[in-house]
Amino acid sequence: MISPEQFEKEIEIIIKNAIREDVGDGDHSSLACIPQSATGKAKLLVKDQGILAGVEFAIKVFEYVDPEMKLDILLKDGEPVKRGDIAFYVEGSSQSILKAERLVLNAMQRMSAIATKTSEFVEKLEGTKTKILDTRKTTPGIRALEKWAVKIGGGENHRFALYDMVMLKDNHIDFAGGITKAIEKTKAYLKDKGLDLKIIVEARDMDEIREILRSDGIYRILIDNFSFEDTRKAVELINGKCLTESSGGITLETARSYAECGVDFISSGALTHSVHNLDLSLKAV
């Protein structure tokens with residue numbers, strides 16, 4: 001995964017670009033009718049049920065927009081919330097509160113939805129050794145926020161992007177001329193470039209798993225679109241020689257069954273691409 005420093009840089013880029021996109025040359029609605037000297041107070045009101053996420057991000061947004069704003073945090077990231085709860089109060093320039101409002105709400109609603117869905121998967125997997133992973137199926141430009149939300153919900157992050165881990169999937173394998181060739185070429189490339197990256201290889205059937213196992217240095221085998229029975233057989237065949245990951249349309253209804261096959265991880269794009277935003281509002285008080 002990327003370093004904490006890189007992650008913070010991603011968050012800074014998201015905030016800067018989002019304010020550029022939303023505010024442009026000025027929030028003319030506020031500038032037109034609210035004096036620059038006016039101050040106010042607002043509350044983050046929860047109008048839904050789920051897991052709260054994005055409070056720490058909101059703090060960063062308000063700090064970016066106006067370092068003079070003061071926040072009173074009542075609920076933290078990862079806490080369960082219900083309709084009527086107040087996550088925090090923000091106080092300061094009325095214009096600054098309104099300038100930050102939409103970014104804070106958009107991010108927190110999305111992050112809370114992702115954290116909520118992730119927590120549901122975590123609950124389903126309780127009592128097994130299996131951990132839930134996100135994927136790269138994220139909203140372009142805000143991946144760092146969505147992966148942050150997965151962590152808040154109790155899940156684990158997969159690779160952040162194409163540059164921090166090698167993942168040889170079906171197209172890589174086919175374009176390279178087969179599994180063994182893809183692995184050999186990858187190892188040679190990493191050595192030549194002086195890169196220390198983990199290698200994950202996707203398997204489409206048992207024969208491909210057997211071929212992968214003939215190569216050393218594989219971090220994880222991706223057991224993709226296998227039935228429960230074949231997943232159990234695959235885990236037995238791999239027998240701890242490397243980590244295992246199940247993927248391919250796994251839902252809340254099927255996750256437990258895959259976990260009981262003995263896989264180390266389940267990855268689900270649904271954590272980030274199929275969620276319904278939690279209803280939150282920022283209301284003047």
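**The C-terminal domain and its ring contacts**

Analyst: UniProt, in an unreviewed entry, places the feature "domain: Quinolinate phosphoribosyl transferase C-terminal" at residues 114-283; UniProt positions are given in the numbering used here, feature names are shortened, and annotations may be inferred rather than shown by experiment. This is a predicted model, in which local features need pLDDT of at least 70 and side-chain atom pairs count only at pLDDT 80 or more, while totals for chains, interfaces and linings use all residues. Residues are numbered from 1 along each chain as its sequence is written, and side-chain values use heavy atoms, with hydrogens and water left out.

Over residues 114-283 the chain is 44% helix and 16% strand, with the end C-alpha atoms 23 Å apart; helices (H or I, at least four residues) and strands (E, at least two) are DSSP runs, numbered from the N terminus.

The rings come next. Phe, Tyr and Trp rings (for Trp, the six-membered ring) pair if their centres lie within 6.5 Å, and planes under 30 degrees apart count as stacked, over 60 as edge-to-face and the rest as tilted. By this rule there are three aromatic pairs. One of them joins Phe7 and Trp148, edge-to-face at 5.9 Å centre to centre with 80 degrees between the planes. Because Phe7 lies in helix H1 (residues 4-23) and Trp148 in helix H5 (residues 143-152), this pair ties together parts that are 141 residues apart in sequence. Phe7 counts as buried at 17% relative accessibility, and Trp148 is buried too, at 16%, where buried means under 20% relative accessible area, exposed over 50% and partly exposed in between (1.4 Å probe, protein chains only).

The rings of Phe228 and Tyr258 have centres 4.6 Å apart and planes at 65 degrees, so this pair is edge-to-face. It links helix H9 (residues 228-238), which holds Phe228, with helix H10 (residues 252-259), which holds Tyr258, 30 residues apart. Phe228 is partly exposed at 32% relative accessibility, whereas Tyr258, at 11%, is buried.

Tyr258 is also among the residues that Ile266 touches, a list including Leu125, Ile132, Leu133, Ile250 and Ala255 and leaving out residues up to four places away in sequence; contact here means heavy atoms within 4.5 Å.
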